Every structure is written in structure tokens, then in C-alpha cells.
Amino acid sequence: KRQRLAFTMAARPLVSVFSLSGDKAGETPLPAVMTAPLRPDIVQFVHTNMNKNNRQAYAVSIRAGKQVSASSWGTGRAVARIPRVGGGGTSRSGQGAFGNMCRGGRMFAPTKTWRKWHRKINTTQKQYAVASALAASAVPALVMARGHVVDEVPEVPLVVDTSLEATKKTSVAKDVLAAVGALDDVEKAGDSKKIRAGKGKMRNRRYTMRRGPLIIYKSNDGVEQAFRNLPGVELCCVDRLNLLQLAPGGHMGRFCVWSQAAFEALDTIYGEEGKRIPTSSMANADLARLINSDEIQSVVNPAKSTIPLYTVKANPLKSMSALEKLDAFAANKRRMAQQAGADRAKSKEAVLKKKRAARTAKKAFNAQGKKFIAQAAAQGDVCADGFTVE
């Protein structure tokens with residue numbers, strides 16, 4: 001037999017028990033399941049899968065879009081090879097048929113009734129989700145965040161005397177809810193009744209309405225008949241707690257009105273002899289409080305006041321010393337190239353001076369030649385008057 005963890009609490013908070021007139025009639029300890037960890041991820045997952053198990057199969061007709069005689073014209077006629085309606089004398093003849101892209105054709109991938117409609121869910125996950133939803137129903141902030149009107153409710157969770165289960169008249173049930181401050185939530189649900197948008201209004205789902213209180217009882221001595229006609233009010237036996245009622249829409253924090261017998265039965269249903277109560281991974285999830293506690297602060301290293309200075313890594317493409325550590329030959333080659341460049345820079349002035357002197361001498365020589373030619377041309381033709389040869 002699997003070992004069960006024992007949940008023993010030295011002292012549990014006491015929850016007030018109210019009479020049908022709204023007066024405090026006693027106290028009862030908070031069930032251990034109300035301290036279960038809140039896991040909205042598990043609740044949402046289980047609710048999503050559970051909600052799929054009440055769907056009805058639907059599908060289009062297997063003959064939809066195919067109730068016409070059509071065949072392809074084949075190739076060679078410069079038209080698509082889609083099947084076409086035969087015959088003549090009407091605009092329908094020659095039109096495409098059967099395909100999902102055709103007017104009057106079937107849909108793409110016609111739906112079938114053998115789709116996988118239902119989902120299996122792990123029993124441990126279902127129990128964990130119900131325990132989390134029960135624990136969330138005892139947190140006033142979550143109940144209010146879900147939209148319930150609990151401003152006049154004296155205490156959450158709200159526990160009423162077991163005589164609630166013997167209520168048989170709806171008028172008496174309204175008086176009881178008014179006495180404990182829960183009637184405001186019923187009126188809020190009744191005022192929210194609206195006609196549904198869409199085609200659902202034609203399919204026996206004409207109205208939508210918000211959820212009101214959930215009445216949880218131990219034995220039905222008339223309580224079902226008394227409360228079932230109030231708008232938004234739902235009833236559930238404590239032996240058959242349903243996640244779809246405890247967390248509608250997958251949102252935890254349903255406002256629950258417990259009978260004392262049902263509330264005390266939770267310790268029998270959950271615990272050592274019943275279903276296992278999930279435990280938190282951390283006993284204290286307040287990380288800031290844990291980190292700043294004396295126990296941890298006494299062993300951690302003190303805060304460092306100075307920032308360590310790190311030398312910047314030298315780039316071998318720019319730093320000669322860094323390159324020399326990696327490759328001495330490449331460093332020497334670069335050093336020689338730099339020296340050669342420096343030598344070229346030094347000798348550049350002398351080379352330029354020599355070239356300029358040579359260019360100046362050449363210009364002077366050319367100018368002397370041009371001067372001689374000009375003087376010779378100024379004398380005129382020496383043979384103009386003739387000459388004699390002796």
C-alpha cells in the first residue's frame with residue numbers, strides 16, 4: 001500500500017458558523033485541504049480538458065457539395081482540369097464542381113464524427129486541481145477578483161448551519177442568503193442575463209448569465225429544490241465536487257456557501273484516510289524574505305564595495321607587444337616594415353631635392369638652346385644677296 005503523507009497541524013484557523021438568521025452560531029476548524037497550494041496552471045489545464053468531455057459530435061453530410069454529375073474535360077482545352085457539370089442549356093453546365101475552391105463545392109477536409117472529441121485526464125491532476133480550487137475559494141481577494149459581490153459577506157469561506165440542508169422553499173432560501181450577505185451576488189447574476197449573440201440563441205442557448213454562489217451540502221433534504229431556481233445559483237454535493245463548478249472558465253475563486261456538515265466532511269474526504277492533499281514545493285515562497293533573513297545573510301559573502309579593474313586585452317593588429325607574444329616572426333617583419341617606411345620618409349626630401357635640381361638644369365639648357373635659335377633667326381637669310389666662292 002502506498003504511504004500517505006500525514007498532515008498534522010498544531011493549530012488551524014477557526015471559521016465562524018452562521019445560523020440561518022445571519023448570527024454567529026459557533027466555530028469550526030479550517031479543513032486542511034484549504035491550505036493546498038494554488039496552481040492556476042493545473043486548474044486551467046484540467047478545466048480545458050474536462051470541458052471537452054460534454055461535446056456532441058458534429059460533421060457535414062458526406063454528400064454535401066457532391067450531389068451533381070461532373071467530370072473533368074481533361075487536357076487540351078485551355079481550361080483547368082477541375083470536374084465540370086455536364087449538360088447544356090443552363091449556366092450551371094460547364095461550371096466547376098466538387099472542389100473546395102468551387103462555388104457549390106464541398107469544404108476542404110470535411111469534418112467527421114469520428115474526431116477525437118473527449119480527453120483523458122490524470123486522476124492525480126484532477127484531484128490537485130479540485131484541491132487548488134477549494135483553497136482559492138477561501139481567499140477573499142481571489143473571490144472578489146473573479147467578480148463575485150461579497151462586500152456584505154461577514155467571512156470567507158462562508159459556513160452556514162447544517163439546517164440549511166433542510167430548506168425547502170425558495171422564499172426561505174432568499175431570506176437565508178440575504179441574512180448572510182450573499183443575496184447581492186445572486187442579484188448581480190440575475191441582472192446580467194442577456195440574449196446570446198450569434199446563432200446559439202436559436203439552438204436552445206438563448207440566454208447568457210454570470211455565475212452566482214455555489215451551495216455545497218452534505219445531504220439533500222430539500223436544499224436542491226429550494227435554491228435551484230435562483231439565478232446564477234448552483235448546487236453541489238460535497239462528495240461530488242466538480243472543477244467545472246469550483247472554477248468556471250478555469251478561473252479559481254468561486255464564491256461558495258457551505259453547510260457545516262459539508263465543510264467538516266472535507267477533513268474526511270481529504271487527509272490521511274482520503275484523497276492526498278498536495279503540498280507546496282516551498283514552505284515559504286517569499287524569496288525576498290528568505291534572502292534577507294539573518295540565517296542566510298550571516299553566511300553569504302559581504303557586498304563588494306570596490307569594482308575590480310581589469311586590463312584591456314591588447315589587439316595584436318595594433319599592439320606590437322601583443323603580436324610578439326603570439327608570433328615573434330610576424331612582429332619582427334612588421335617592425336622591419338615600419339623601419340623601412342621611416343627610412344623612406346627621411347630620404348624622401350633628399351631624393352626630391354636631387355630631382356628638382358636635375359629638372360632645373362634641364363630647363364636652363366633648353367632655354368639656352370631656344371635663345372640661340374632666336375638670335376640666329378634674327379640675322380635673316382645669309383644668302384639673300386648671293387655669295388661668291390673663292
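## Terms and model

Helices (H or I, at least four residues) and strands (E, at least two) are DSSP runs, numbered from the N terminus. This is a predicted model, where local features need pLDDT of at least 70, side-chain atom pairs count only at pLDDT 80 or more, and totals for chains, interfaces and linings use all residues. Residues are numbered from 1 along each chain as its sequence is written, and side-chain values use heavy atoms, leaving out hydrogens and water.

## A buried loop residue

S192 sits in the loop between helix 5 (183–191) and strand 6 (194–195). S192 is buried, with a relative accessible area of 10%. Buried means under 20% relative accessible area, exposed over 50%, and partly exposed in between (1.4 Å probe, protein chains only).

S192 touches T208, M209 and R210, not counting residues up to four places away in sequence. Contact means heavy atoms within 4.5 Å.

## The buried face of helix 1

Which residues of helix 1 are buried? They are I42, V43, V46, H47 and N49. Seen down the axis of helix 1, these buried residues fall within an arc of 165°, so they line one face of the helix. The arc is that of the directions from the helix axis to the C-beta atoms.

An α-helix has 3.6 residues a turn, so residues three or four places apart point the same way. The cover over the buried residues of helix 1 includes helix 2 and helix 7 (243–246).

## Helix 1 against helix 2

Helix 1 (residues 40–50) passes helix 2 (residues 123–136) in a left-handed crossing. A crossing is left-handed if the near helix is turned anticlockwise from the far one by less than a right angle, and right-handed if clockwise. Helix 1 brings I42, V43, F45 and V46 to the contact. Helix 2 brings Q125, K126, Y128, A129 and S132.

Technical notes: Axes fitted to C-alpha atoms, helices over the stretch in contact; angles between N-to-C directions.
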